[in-house]
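I opened the model to look up how its strands pair and what a helix does against them. My notes follow.

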Amino acid sequence: MLYACIDWWIERRIDREKSTKVLLIIPVILLLLSWSILEAISPSLPPFTKEDAIEFATSGEGTDIDLFPDKAGTWKGTFEGYHVQRSTRAKKLNKELYLVTFEENWTNGKRKGHYVMSYKVNRSSVSGYGGSDTTPPYYEKVLEQ
């Protein structure tokens, strides 16, 4: 019915040789008006913080990241004779983009190692950024537990 009424109205305007530019302007005005109203009544998103980035990066299960602190900071401990230090930190790259880095150092006598994984994290995605290939020799046993 609405289409028929609009079609009839357009035909009458054309027959009377009146402009139909109004028909082009009305949808644009309605679109802008509805967008403005929805924008005004919608709550704004809270800021995306370093803590949010770390929480999002550590939210997966069954990965090496499960072993690292789920908050910014350092964990120290031992595993099968290795002294292990794991750190989690985040660095702000721009408004809502962080570089979350997981770093692990281990020693066992003269054996030493360093392992790093970095991820770019925003509100909706986590993507690998870089890291080292040297996984600790005890990882398979740790992940089995």
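**Sheet and helix**

I began with E1 and E2, which pair in the antiparallel sense over seven bridges. Strands pair if DSSP finds at least two bridges between them. Strands (E, at least two residues) and helices (H or I, at least four) are DSSP runs, numbered from the N terminus. Phe79 has Tyr82 in E2 as its bridge partner.

The model is predicted: local features need pLDDT of at least 70, side-chain atom pairs count only at pLDDT 80 or more, and totals for chains, interfaces and linings use all residues. Residues are numbered from 1 along each chain as its sequence is written, and side-chain values use heavy atoms, without hydrogens and water.

Next I traced the whole sheet. It is open, with five strands in the order E1-E2-E3-E4-E5 and antiparallel pairing. E1 (73–79) and E5 are the edge strands, each pairing on one side only.

I then checked the E5 end. E4 and E5 form a hairpin with four residues between them. They pair in the antiparallel sense over five bridges. Met117 has Gly131 in E5 as its bridge partner.

Which residues of H3 are buried? In H3 (residues 50–57), I found Ala53, Ile54 and Ala57 buried (under 20% relative accessible area; exposed is over 50%, partly exposed in between, with a 1.4 Å probe and protein chains only). They sit on the same side of H3, because they cover an arc of only 95° around the axis, taken from the directions from the helix axis to the C-beta atoms. Glu51 and Glu55, on the other side of H3, are exposed.

The buried residues of H3 pack against E2, E3, E4 and E5 (contact: heavy atoms within 4.5 Å).
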